[in-house]
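Trainee: I have a structure to study and some questions to ask. Can we go through it together?

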Amino acid sequence: MAASATSEKVRNDDGDFVGCLYDTIMYERAVHRLKTQHKFDFPVRYQALAHDFAEAYRFCLQPKFAQNQETTHYSDCIKVSRVATVNGMKLYVEENLGYYDIFPAEDVFDPEFYERDLDELNEDEFSDFDSVARQMGVIKKNVGFQGCTLTKKHEAEMAKAFAAIPNDTRDMIAAVIHYLRTNVWRHRGSGGESVVLMNGVTMGVQKYSRPIDGYESEREDFPVANGISHEDFGSPLRPVHMLQPSYGYDWKGQTYKLACVDLPTRGSDHGFYASLTRVLMEKYHSLLPPAELMVRFQRLKVSVEDFLVKSFPGEKLKVEPFGSFVTGMLSPDSDADFCIMGPDIHKHTLLNDMPYLAAELERYGFTNVKAIPDATVPIVKFHDPNTNLDCDLNTGNYLGTINSNLIRTYITLDPRVKPFLYLIKNISHVQSIKSSLSSYAIIMMGIVYLQTLPGDLGRRQKPILPRLQVQPAARMSEEVVRLNHSGSTNSVVGNDRRHEVILTRYDKNLDGLHTEAGRDNTMLLSELLIGFFEFYSRQFAYTEKAIHTAQGDYLHKTHNEKFKERSTPSLRIIDPFLHHRNIAGWCRGDSLKKMWEAFNHVYLALSGGDLDKAMTRYDPREVDLYNILN
């Protein structure tokens, strides 16, 4: 075909090929995300979409298309639109508010849609694990946008729009999608069979291609992840019906008075769990701190490093972050946690003198400085006026960094882990459990639950998380850590000098072997949360079992432990590296009772689909826990 004729076809296409291909790619990616990750939100990177179109452009340049007068112009359509480059894709998305025609954003059905702005996203908003925390680097701005949320309306739009697209364009889109599925994505997208198209020239996805023998009605549907669409299910609120009381456990031990909620099965009412998952994910995203918090954290780290250089010149000191800013479990009001490290740091007299260190920090310009030398890990607390962040600083407690890295590794293994842990942490905070049970202890309870999935909801499902501390020796990373702190009167090792130096071992998953190891588990976030609170309010034997985080299991308490707790029931959560230490030491007696009552309250609320109630502080006067059938 002559060049002028090709140009004419490009002009006449008026963007239909590029636009419809764009929407189809978005649809394929969104359905795959929902199928594999059970997530309705859909963040999209400009770079990923541009790469898809670059591959589509190369595909269209193949001789079988470039030398065919009916298909030769499609590569030029992509080239002219500039969507195969990141900047060109960004401009295209901004001009079209994230959609073309057949796969509109959710609000397109709202008259006010055209008045809204594109919801652009920063680098740290693309993963449930904050990769920026790992690098402690500057967050890249506006690298993508919040894509469309799948609903039945989008299915109808897709089917209706494809019926109006010219046959040649449909076939080309079908061929491109087959190519992307096979050679780029390595997954089947929204599903559907591939067939031979264009008189045997290429393969394409049948449901996108031209009608077969003119019968459009016989074509495949455009399913949204096996029919899951939260819009169909509406609110997750449902009546709570209780089963008859049966054998179980409360905070004091065995009881025959507890009743479980009559929960629907996945098969009988998947809509309840899917809709509640949507509500939970919306709450999770609303609780996440702004991206600029990581920028302020990085600035504070630089300031602390500068303080060490000026206050202790010539010494080879460094600052190691740990805690929520490393694990990704931070909230908007999180404190920064730093550890001063260096050669023979535990013998450094001045750095281990917390009042002296406090005086130096105040001299440097930090405010609200307070030394706490008698803490289990001696620290200095202070406020940085330049970043408006509070900070806890210790000397030589490298075990905190290792603990944080262990949690961070678990969080990276499955996309459900961070929202699950983040929500149980925040729910526990709302229920005022934090006074007797630290966030660290609650997170470890959640990790062991995901490693075992005990209880009815998790039955017949494989665990989501592996046991990183129970792996073959060849996979283990080892570090020797000294715990005794010079000047401390209340060290984590106590009076037992055997624990002064310990060997920490766990699988860091450096080769990605354990990434998405729980992919065969299809439980939604809502099922995991309900199961967690049901287990710890109905099925966990507090007086008989301890939570062993290193083993990733629930093991019987020793005879000596049970003897010590004979008059005061206690929760025991064994530290992953200090196996003599109970990180839930204060959660006993009345504190354990309050925790159990709050967990029971959350279990009943979530079972009814009521997240607002679960996030409301429990009032013990509301209900008689042992007579909830009346």
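This is a predicted model: local features need pLDDT of at least 70, side-chain atom pairs count only at pLDDT 80 or more; totals for chains, interfaces and linings use all residues.

Trainee: How many residues lie between β11 and β12 in their hairpin?
Mentor: β11 and β12 pair over six bridges. The turn of their hairpin includes N388, which has a positive phi of about 60 degrees. The number of residues between the two strands is four.

Trainee: What is the bridge partner of I372 in β11?
Mentor: Strand β10 spans residues 367–372. β10 and β11 run antiparallel and are joined by four bridges. A hairpin of six residues connects them. The partner of I372 in β11 is I379.

Trainee: How many of the six residues of β11 are buried?
Mentor: β11 pairs with β10, and β11 pairs with β12 too. Buried means under 20% relative accessible area. β11 is largely enclosed by the rest of the structure, because the buried residues among its six number five.

Trainee: What share of the 630 residues in the protein is buried?
Mentor: The protein has 21 helices and 17 strands. Its accessible surface comes to about 27900 Å², and 48% of that belongs to carbon and sulfur atoms. Of the 630 residues, the buried share is 55%.

Trainee: How many residues of helix α15 are buried?
Mentor: α15 runs over residues 398–412. From its first C-alpha to its last it reaches 21 Å, close to the 21 Å expected at 1.5 Å a residue. The helix is mostly covered. Of its 15 residues, the buried ones number 13.

Trainee: Which helix holds both K90 and E94?
Mentor: Their side chains meet in a salt bridge, at 2.6 Å from N to O. The two residues are four apart, about one turn of the helix. An α-helix has 3.6 residues a turn, so residues three or four places apart point the same way. Both K90 and E94 lie in helix α6.

Trainee: How far apart are the closest N and O atoms in the salt bridge of K310 with D306?
Mentor: K310 and D306 are four residues apart in helix α12, so about one helical turn separates them. K310 is exposed, with a relative accessible area of 57%. D306 counts as partly exposed at 27%. The closest N and O atoms in their salt bridge are apart by 3.2 Å.

Trainee: Which residues are linked with K557 in a network of salt bridges?
Mentor: The whole structure has 25 salt bridges. K557 and E565 meet in one of them, at 2.6 Å from N to O. Both K557 and E565 are buried. The residues linked with K557 in the network are E561, E565 and R572.

Methods: Residues are numbered from 1 along each chain as its sequence is written. Side-chain values use heavy atoms; hydrogens and water are left out. The expected span of a helix is 1.5 Å times one less than its number of residues. Buried means under 20% relative accessible area, exposed over 50%, partly exposed in between (1.4 Å probe, protein chains only). Accessible areas come from the Shrake-Rupley method with a 1.4 Å probe; for residues, only the protein chains shown count as cover. Two strands pair if DSSP finds at least two bridges between them. A salt bridge is a side-chain nitrogen of Lys or Arg within 4 Å of a carboxyl oxygen of Asp or Glu.
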